Amino acid sequence: MSPERSIENDLLEGSSVLKIEQYPDQSIEALVSCEGQTYPLVWTASYGPNVINPDIDTLKQLLSVEDQPTFKNHTLLLPLQANGHCAADCRGCVFANHREVTALEGFGRENRIASRVEPSTMNMLISKAVQIAEMRGLLNPGESFRVNPLLSGDPSYNRDTLQLILTIAAHDRIEASRWSTIAAKTGNAPLEQFEEATRVMRDHHMNHKARFQVSLHSTEQEQRMEHVWHYSPTTHPLYSFEEIAATFSNIYSMSGYASTLAFVVHAGSIIDPAVLKAHFSTENTWVSLRPMIATDTDSAQSMKINDFEDLYCRIRQEGFTTVVMPTVNGIEQDNLNRGLMHIESH
Ligand code: SF4
């Protein structure tokens, strides 16, 4: 699908906005420049409450490419690293440093390196995103919104994650945020930063709803490592199930919010609901499933709908609140074709 229109700097000529594309569902992709680095910004359609514990009819609709529900509000997706790079090397992600996708239009990836987003830059990006959204009628002046720092980069690679969370939590128009990590042991302690941010927000009575997510992708450690194939268990291990469960428990006891285990689901996915139940509490852990559609024969193939329904039912039977992310479609199908499949599914 091509964007309905592509408007290059028409209203923002001469500013730091390098590019804006807006799609028929109003979603916006923009590229902005700051101090010699480029950053992606995306306003994407939010999912409605129907995605939480859907009944079977709703589940079928969420899995359908043709019969997609309409979403109204938009969520701002923010990067944690610059230049369309991420120091991780996740399978199939356009932001991976050494993957098959080596050039992303506008980023100048070929001669720039990943560098982490700092809190001052994050504030600039948010201001620019608000300016764009208000200009394009996506946001009313003064209206609050939600953000997900889910574009290029991962908290595992940003030592400022705690300050970034608190910067966003203190923003007077941002009501909620969702933070996702592959939970790699890079020395930046992403789970500890999540926990500390929750503690600070509680102690300072901050009126912000931050939710945290670990993208597990498999309940089998080998397949989990395979997804993040930059790493080896000896040099850069991933957090264990026990460590993740302990973080979720601590966050829940401080905030009352459950955290989420996310899975991109394809035909070869190994996801055992009994393993989830053995390690994680249904009180403080939600499960998020995102079915993936293969767009060519080289990609991981889609899980059959009956198998997906069976997996969903077995996870629900174990007692987990389960979020089903709609099948990639429309703008996301287009993004998938261009390699941006990681959006919302780190
Ligand atoms: S999925 Fe996330 S962590 Fe992995 S390469 Fe992409 S941006 Fe980095």
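The structure is a predicted model. The protein contains nine helices and eleven strands, and 45% of its 346 residues count as buried. Among contacts with a separation of 6 or more, 76% link residues 24 or more positions apart.

- Strand β5 (residues 74-77) runs parallel to β6, and three bridges join the two. Within this pairing, the bridge partner of T75 in β6 is R146.
- Strand β6 (residues 145-148) is in turn joined to strand β7 (residues 174-181) by three bridges, again in the parallel sense. F145 has I174 as its bridge partner in β7, and R146 has A176.

- The largest nonpolar core has 87 residues, and A88 and I165 have the most contacts inside it. Helix α2 (residues 119-135) supplies the largest share of this core, with seven residues.
- Helix α3 is mostly covered, with seven of its nine residues buried. These are T161, L162, L164, I165, L166, I168 and A169.
- I165 is in contact with W179, A197 and A210, when neighbours within four places in sequence are left aside.

**Ligand shell**

- Twelve residues surround the ligand, and the closest are C86, A88, C90, C93 and D154.
- The shell around the ligand is made up of seven nonpolar, four polar and one charged residues.
- A88 is one of the closest residues to the ligand, and A88 is also named among the residues with the most contacts inside the largest nonpolar core.

**Positive phi angles outside glycine**

- E35 is a residue other than glycine with a positive phi, near 50°. E35 is found in the loop between β3 (28-34) and β4 (37-45).
- E35 counts as exposed because it has 10 C-beta neighbours inside 10 Å, where the cut-off for an exposed residue is 12 or fewer.
- A189 likewise has a positive phi near 50° and is a residue other than glycine. A189 lies in the loop between β7 and α4.
- A189 counts as partly exposed because it has 17 C-beta neighbours inside 10 Å, whereas a buried residue needs 20 or more.

Terms used: Residues numbered from 1 in each chain as written. Predicted model: local features only at pLDDT ≥ 70, side-chain atom pairs only at ≥ 80, totals over all residues. Helix = DSSP H or I, 4+ residues; strand = E, 2+ residues; numbered from the N terminus. Contact = placed C-beta atoms within 7 Å. Near = placed C-beta within 6 Å. Nonpolar A, V, L, I, M, F, W, Y, C, P; charged D, E, K, R; others polar. Pairing = 2+ DSSP bridges. Core = buried A, V, L, I, M, F, W, Y, C linked by C-beta atoms within 7 Å.
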